[in-house]
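Q: Could you walk me through how to read this model, one feature at a time?

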Amino acid sequence: MPHLRVRAILVFGFDKAQRDDPVWRKHLEKLESQLGGRVRAIGNPTRQSVALR
C-alpha cells in the first residue's frame, strides 16, 4: 500500500456537547499538534446534542 500524505483533516457535524467533551478535546489537540494546524473542526457549537433534548 502506498504511503498516504494527509494535507488536512476536516471534522464536520459536531455540537456543543462534543466540543466541550474532555476526551474529544484531548484527541483534537493531539491531531492539531501532529498536523501543524491543518485540522479544521466545522460544526455548530452553540447547538445542544439531539440526545439531550
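Q: How many residues does helix α2 have, and how far does it reach from its first C-alpha to its last?
A: Helices here are DSSP runs of H or I with at least four residues, strands are runs of E with at least two, and both are numbered from the N terminus. The expected span of a helix is 1.5 Å times one less than its number of residues. In this predicted model, α2 covers residues 22-35, so 14 residues, and reaches 20 Å, close to the 20 Å expected.

Q: What ground rules come with a model like this?
A: Since this is a predicted model, local features need pLDDT of at least 70 and side-chain atom pairs count only at pLDDT 80 or more, while totals for chains, interfaces and linings use all residues. Residues are numbered from 1 along each chain as its sequence is written, and side-chain values use heavy atoms, with hydrogens and water left out.

Q: Where is confidence lowest, and where is it highest?
A: pLDDT is the predictor's confidence in each residue, from 0 to 100. Helix α1 (residues 16-20) is lowest at a mean of 77, and α2 is highest at 87. The protein's mean is 76, with 81% of its residues at 70 or more.

Q: What sits at the two ends of α2?
A: A polar contact is a pair of N or O atoms within 3.5 Å; within protein, one must be able to donate a hydrogen and the other to accept it, and residues adjacent in sequence count only if both atoms are side-chain atoms. At the start, a side-chain oxygen of Asp-21 comes to within 3.2 Å of the backbone nitrogen of Val-23. Just after the helix, Gly-36 has a positive phi of about 55 degrees.

Q: What pattern does the protein follow along the sequence?
A: Reading along the sequence you get β-α-α-β, made of 2 helices and 2 strands.

Q: How far apart are Ile-42 and Phe-14 in space?
A: Their C-alpha atoms are 7.3 Å apart, although 28 residues separate them in sequence. Asn-44, in strand β2 (residues 39-44), also pairs up for comparison with Phe-14: 30 residues apart along the chain, 6.4 Å between C-alpha atoms.
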